[in-house]
Amino acid sequence: MLQTSRLTEPIVTWEPELGQFVVEPSEGWHQPSPSRLPLFFNEIGASRIAIGVTAFECMGVLPPHDHPHVYLNMTEQAEILCPYCSTLYVYKPGLRRDQTAPGDCFWRQQATAPAATVDA
Ligand SMILES: [Zn+2]
């Protein structure tokens with residue numbers, strides 16, 4: 001039997017304390033969303049950066065000097081040039097999605113991350 005795109009629904013619960021619905025992705029739930037893509041930057045000015053994914057976003061350098069976060073998808077070419085900062089991203093199988101070479105070009109959206117644009 002063919003596996004269709006029908007996946008387990010996420011669990012949506014009303015969170016009175018927050019006054020909003022909270023969506024908990026259930027197991028097997030995959031929603032391609034740009035906000036979930038790895039985000040890379042080239043603070044060190046490398047001419048090329050090896051990454052472990054083919055679809056991602058580039059922000060150029062660290063905030064507040066980052067360029068508009070542009071969605072880049074290598075498709076079959078295994079490399080892509082960012083139109084904003086001219087960084088050449090090269091797909092390298094074996095790297096994890098949060099690994100880059102040279103290292104530390106993966107943006108970890110934590111504490112200092114700017115507010116997500118999806119928030120109302
Ligand atoms: Zn860029």
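Strands S5 and S6 (residues 70-73) run antiparallel and are joined by 4 bridges. Strands here are DSSP runs of E with at least two residues, numbered from the N terminus, and two strands pair if DSSP finds at least two bridges between them. One of the bridges links Cys58 to Val70 in S6. The model is a predicted one, in which local features need pLDDT of at least 70 and side-chain atom pairs count only at pLDDT 80 or more, while totals for chains, interfaces and linings use all residues. Residue numbers start from 1 along each chain as its sequence is written.

S5 (residues 55-60) also takes part in a parallel arrangement, with 3 bridges to strand S3 (residues 39-41). There, Phe41 stands opposite Gly60 of S5. The loop between S5 and S6 contains Pro64, and the peptide bond joining Pro63 and Pro64 is cis, with omega about 5°.

A further set of strands forms an open sheet of 4 strands in the order S7-S8-S4-S9, with mixed pairing. Its edge strands are S7 (79-81) and S9, each of which pairs on one side only. Inside this order, S4 (residues 48-51) and S8 pair in the parallel sense over 4 bridges, and Ile51 has Tyr91 in S8 as its bridge partner.

Beyond its neighbours within four places in sequence, Ile49 is in contact (C-beta atoms, placed from the backbone, within 7 Å) with residues including Phe40, Tyr89, Thr100 and Pro102. Pro102 lies in the segment after S9 and follows a cis peptide bond from Ala101, with omega about 0°.

Other residues are exposed. A residue is buried if 20 or more other C-beta atoms lie within 10 Å of its own, exposed if 12 or fewer, and partly exposed in between, with C-beta atoms placed from the backbone. Ala78, in the loop between S6 and S7, is exposed because it has 12 C-beta neighbours inside 10 Å; its phi is positive, near 65°, although Ala78 is not a glycine. Asp104, in the segment after S9, also has a positive phi of about 65° and counts as exposed because it has 11 such neighbours inside 10 Å. Arg96 is placed in the loop between S8 (88-91) and S9 (100-101). Its C-alpha atom is separated by 5.2 Å from that of Gly52, 44 residues apart along the chain.

Definitions and conventions: Two residues are in contact if their C-beta atoms, placed from the backbone, lie within 7 Å.
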